[in-house]
Amino acid sequence: MNVRHRIAFTVLLAFASPAFSGAAIAQSAIAAAVAKPVSLPDIAIGSAKAPITLTEYSSMSCPHCAAFGQNVFPMLRSKYIDTGKVRFVFREFPLDIKAAAASILARCIGKGDSEKYLSAVETMFKLQDRLMAQTKDTLIYAGKQHGMSEQDVETCEKDQAQFDKLTADQQYAVRELKVTSTPTFFLNGVRLQGSMPFEELEERIKPLLRK
């Protein structure tokens, strides 16, 4: 996180970032780059043996990301993730300092537990308008909903090492994966930009299950 973002964050919160074809080879390389370990632990649910991996790059301040999380993800989960067909990986790609702060809070709430992390994300997507208008108060409120005190939230948001890792992961996504907007998805290495209804996503998933 650059100095400008650090200052902005301090002010914001008032707290003292046979042979493969050429296309198949390229897709395989992208899939490998997506799967490469990054600075922060992956948020992943679903069987590690699932034939399909769907990775989402998302920002807490992105309305389309919130819409996907609230309207599409529950169906994706019940039909494909919980049945062992899809492994879902959530990656942060904050579009602004408010989204970065929300991502860090979700990390603190999750404490390495992907389910707890995604529950925090769900909370903040529901509070997205408040998060944008009253960031500090909304972060404290969201933290309390998940068992954190106001002091816990303040301490969490002062963890510069976490912000630095978040920034490093975002820079990797831009540099190596050409992620420039949210939501961006990678379905077994195929990049899909923008939100989509469940029916469209399902149309892309089904052929991969027949292979």
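Q: Which residue in E3 is the bridge partner of isoleucine 43?
A: In this predicted model, isoleucine 43 has phenylalanine 90 of E3 as its bridge partner.

Q: What makes strand E1 and E3 a pair?
A: Two strands pair when there are at least two bridges between them. Strand E1 (residues 43–45) is joined to E3 by 3 bridges, so the two count as paired. The two strands run antiparallel.

Q: In which sense do E2 and E3 pair, parallel or antiparallel?
A: E2 and E3 pair in the parallel sense, over 7 bridges.

Q: What makes strand E3 "mostly covered"?
A: A residue is buried when its relative accessible area is under 20%. In strand E3 (residues 86–92), 6 of the 7 residues are buried, and the strand is described as mostly covered.

Q: How do you know that E2 and E4 are paired, and in which sense?
A: At least two bridges are needed, and E2 and E4 have 4, so they pair. The sense is antiparallel. Threonine 55 shows where to look: its bridge partner in E4 is phenylalanine 186.

Q: Which residues of strand E4 point one way, and which the other?
A: Thr184 and Phe186 point one way, while Phe185 and Leu187 point the other way.

Q: What do E4 and E5 form, and how many residues lie between them?
A: E4 and E5 form a hairpin with 2 residues between them. The strands run antiparallel and are joined by 4 bridges, and leucine 187 stands opposite valine 190 in E5. In the turn, asparagine 188 has a positive phi of about 50 degrees.

Q: Where else is phi positive in a residue other than glycine?
A: Lysine 111 has a phi near 50 degrees, and lysine 178 has one of about 60 degrees. Lysine 111 sits in the loop between H4 and helix H5 (114–126), whereas lysine 178 is in the loop between H9 and E4.

Q: Why is lysine 111 called exposed?
A: Exposed means over 50% relative accessible area. Lysine 111 has 74%, so it qualifies.

Q: What makes the peptide bond from threonine 182 to proline 183 cis?
A: Its omega is near -10 degrees, and the bond is cis. Most peptide bonds are trans. Proline 183 belongs to the loop between helix H9 (160–177) and E4.

Q: How do you know that cysteine 108 and cysteine 156 form a disulfide?
A: The sulfur atoms must lie within 2.5 Å of each other. Here S to S is 2.1 Å, so the pair is a disulfide. A search of the whole structure finds 1 disulfide. Cysteine 108 lies in helix H4 (residues 97–110) and cysteine 156 in helix H8 (residues 150–157), so the bond ties together parts that are 48 residues apart in sequence.

Q: Why is this disulfide called right-handed?
A: The torsion about the S-S bond is about 95 degrees, so the disulfide is right-handed.

Q: Why do cysteine 108 and cysteine 156 get separate labels for accessibility?
A: Cysteine 108 has 21% relative accessibility, and the buried class requires under 20%, so cysteine 108 is partly exposed. Cysteine 156, at 4%, counts as buried.

Q: How do you know that helix H3 falls short of a straight helix?
A: Helix H3 (residues 63–81) has 19 residues, and a straight helix at 1.5 Å a residue would reach 27 Å. Its end C-alpha atoms are only 23 Å apart. H3 also has a kink of about 45 degrees at valine 72, shortly before proline 74.

Q: Why is serine 59 called buried?
A: Its relative accessible area is 1%, which is under 20%, so serine 59 is buried. Serine 59 is in the loop between strand E2 (52–58) and H3.

Q: What makes the approach of serine 59 to serine 61 a polar contact?
A: The limit is 3.5 Å, and the two side chains meet at 3.0 Å. The side chain of serine 59 also reaches the backbone nitrogen of leucine 95 at 3.1 Å.

How values were computed. Residues numbered from 1 in each chain as written. Predicted model: local features only at pLDDT ≥ 70, side-chain atom pairs only at ≥ 80, totals over all residues. Heavy atoms only, no water. Buried < 20%, exposed > 50% of the residue type's maximum accessible area, 1.4 Å probe, protein only. Expected span 1.5 Å × (residues − 1). Bend = angle between axes of the 7 residues up to and from the residue. Polar contact = N/O pair within 3.5 Å; in protein donor to acceptor, adjacent residues only side chain to side chain.
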